[in-house]
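Welcome! Take a moment with the sequence and the model before reading on.

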Amino acid sequence: MAIFHSEVHYDRLITDLSKCCLTESVCGTCDKSSCIIGYAENCIINCAKNKVTYVEGGDANVPTTDFRLYEVEELEKGIAHILKMCRSCKEVHYDQCIISVVRNCYEIGLFGDTLPYEGNNLRYLNYLNTHHPQNAAQIIEEFHRTTYADQAVDEIEEFKK
């Protein structure tokens, strides 16, 4: 079952993403259209405004050639937080879900490519532990430490403006 609009913590998503950015002091100029952070932020804002939880063509349009540098620890935390919001849909996993699109953006920044996701957080974390052990420990620790309230409705009010 897909995530409901009221379950998406939009404010947390934007906050997590902004912590990954090293700003123009590293990049030189800000080109949000070719940046994973800018792309993900745009997708999140559009979902919040339109009250949907999917990005049409979102997975296919992630800027996979973004080779900028990002805050590694914040990318790891972002993956853990996004997994905590995920419903682990298993067979009905939808690659255009906002949660999946944002996770793909974090993966590009951290690993240089998207990773296989079968709609199951535990399998994903196991995959990370096997293939990316240098990052897995921090992601798993943050995943276990993170909790969210059942609803994120208050955060939606900010995006209605």
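## How the chain folds

Of the contacts in the chain (heavy atoms within 4.5 Å) between residues at least 6 apart in sequence, 78% join residues at least 24 apart. This is a predicted model, where local features need pLDDT of at least 70, side-chain atom pairs count only at pLDDT 80 or more, and totals for chains, interfaces and linings use all residues. Residues are numbered from 1 along each chain as its sequence is written, and side-chain values use heavy atoms, with hydrogens and water left out.

The chain has eight helices and zero strands (DSSP runs: H or I of at least four residues for helices, E of at least two for strands, numbered from the N terminus). Its C-alpha atoms fill a box of roughly 35 × 35 × 30 Å along the principal axes.

## Inside the fold

Buried residues (under 20% relative accessible area, with a 1.4 Å probe and protein chains only) make up 47% of the 161 in the chain. His81, in helix H4 (residues 72-85), is buried, with a relative accessible area of 4%. The His81 side chain makes a polar contact with the side chain of Thr146 (3.5 Å); such a contact is a pair of N or O atoms within 3.5 Å, and within protein one must be able to donate a hydrogen and the other to accept it, while residues adjacent in sequence count only if both atoms are side-chain atoms.

How values were computed: Buried means under 20% relative accessible area, exposed over 50%, partly exposed in between (1.4 Å probe, protein chains only).
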